[in-house]
Amino acid sequence: MGTSWNEEVTSFYSLSCQDRRFSKHIHDNVHGNIYLDPFFLQFVDTEQFQRLRDLKQLSLSHMVYPGAVHSRFEHSLGVYWLAGEAVHTIKAHQGSEINIERNDIKTVKLAGLLHDVAHGPFSHLFEREFLPRVLNGSKWSHEEMSVKMIDYIVDAHHIEIDAAILKNVKEMILANSANASQKTMSKKLFLYDIVANGRNGIDVDKFDYIVRDSRACGLGCNFQFQRLMETMRVMGDEICYKANDYLNIHKLFATRADLHRTVYTHAKVKAIDLMVVDALTLANGELGISESIQEPAKFWKLDDSILRQIETSDKQELKEARDLILRMRRRDLYQFCNEFSVPKDKQEHFKDITPQDIVCSQRNVGTTLKEEDVAVSIVKIDLTRGRSNPLESIKFFQEYESDRKFQIQDELISHLLPAFCQDMVVRVYSKKPELVKCRPSSRVVVKCRSSSRVMVN
């Protein structure tokens, strides 16, 4: 992804060149030149959107991959740009048969720009691990909060925006969430698939973060989103792809899974994540971190700097949390003990393994373990649809002259494609490294409530 790649991207983006005399020009290290016209700048130039500069896209992965310091801010600009390119491409190729209006383009681009505007600190750790712990299984989502934040931004900054555009933007952001609402637009449903695709998972959000994250971490990325964007076609109100792009689409999902395995759920990264969750939990009573999650006026002030706030505080009430962060800074991390790759027919039994299960399962190990000494991380890696194969939800076409769309089964393409679409790994960590160092040959026994004991070597 060097200079030649950027030149190719610049050429590709020439599709949407418009009158840019009044636009702000930003040079992005992934997509090249990005242009923001005054309408979108109304949202970008707010303290709520600028907050995204202080949210690292990959949380604390930079402690393992030093280059992974990019932010939600640049990712949001990238998704905004790709959303515009996608809808411009469809309009250029099918303008005579699909009536894409100026407001449609504005809506899709704004949804791309604001899709993460209310993301929590530390990537998904905040909403998937911290909040469920302190709020007894909270189902809070950054997508829902983003919808609230958009209303707050519009009101607080007196932004003039068409009510229909605003409503459709919020629906597009929720399109891939558990709380997706009924679409207002009875036609042009394909527009909802561009930013957050609840139909099959192919969207510009993934296009951006897969390339951006790979680049930041120094990893190769042979998935070509440009080809998909150039050849996609709307058929029957859904976006379809050329049949010969099947393997390229599979690369999209496989590359995402590789990033999860190699970066997002790296054993050391997860150790750091566990320490951050513990530190935030210890500090929550004093700082009221979880109290801001329903009020945009408070929530926009919460970002990754909360760790520094804890670390530099002199309050005695924050001493335990402060000591934990200090351990993290000094690389005195929770010690990885071992992991167990759960067989696919037993995954349901292992989804709720707790430190108590680990402690109760130990036999004759020579050391008395306590629950507070153990941390458990349950890692799930899939192709974006859990145990389901996302390619089964994608429609293809053979030639542009044909109006027939169809699905393709994996076995018709290659017998090397995976037969199962989800891995589950149970990892066990010791919060006290000395418990591991004194017994380097120890083994961890994992016992789930509905199965026999499994030895992790």
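Let us start with two helices that pack together: the axes of helix α6 (residues 125-134) and helix α12 (residues 267-287) come within 10 Å of each other and cross at roughly 45 degrees. Helices here are DSSP runs of H or I with at least four residues, strands are runs of E with at least two, and both are numbered from the N terminus. An axis is a line fitted to C-alpha atoms, for helices over the stretch in contact, and the angle between N-to-C directions can run from 0 to 180 degrees. Angles under 35 degrees count as roughly parallel, over 145 as roughly antiparallel, 65 to 115 as roughly perpendicular, and the rest as oblique; α6 and α12 are therefore oblique to each other.

A word on the model itself: it is predicted, so local features need pLDDT of at least 70 and side-chain atom pairs count only at pLDDT 80 or more, while totals for chains, interfaces and linings use all residues. Residues are numbered from 1 along each chain as its sequence is written, and side-chain values use heavy atoms, leaving out hydrogens and water.

Which residues of α6 meet α12? They are Leu125, Glu129, Phe130, Arg133 and Val134, and their partners in α12 are Lys270, Asp273, Val276, Val277, Asp278, Leu280, Thr281 and Asn284.

Now step back to the loop between α5 (102-114) and α6, where you will find Ser123. Is Ser123 buried or exposed? Buried means under 20% relative accessible area, exposed means over 50%, and partly exposed lies in between (1.4 Å probe, protein chains only). With a relative accessible area of 14%, Ser123 is buried. Leaving aside neighbours within four places in sequence, Ser123 is in contact (heavy atoms within 4.5 Å) with Lys56, Gln57, Leu58, Ser59 and Arg72.

One of those partners, Ser59, is worth a visit. Ser59 lies in the loop between α3 (47-50) and α4 (72-94), and at 5% relative accessibility it counts as buried. Ser59 has a positive phi of about 55 degrees, although it is not a glycine.

His158 also has a positive phi of about 55 degrees without being a glycine. You can find His158 in the loop between α7 (142-156) and α8 (163-173), and with a relative accessible area of 69% this residue is exposed.

Finally, look at the whole protein chain, which has 18 helices and 10 strands. Buried residues make up 55% of its 457 residues.
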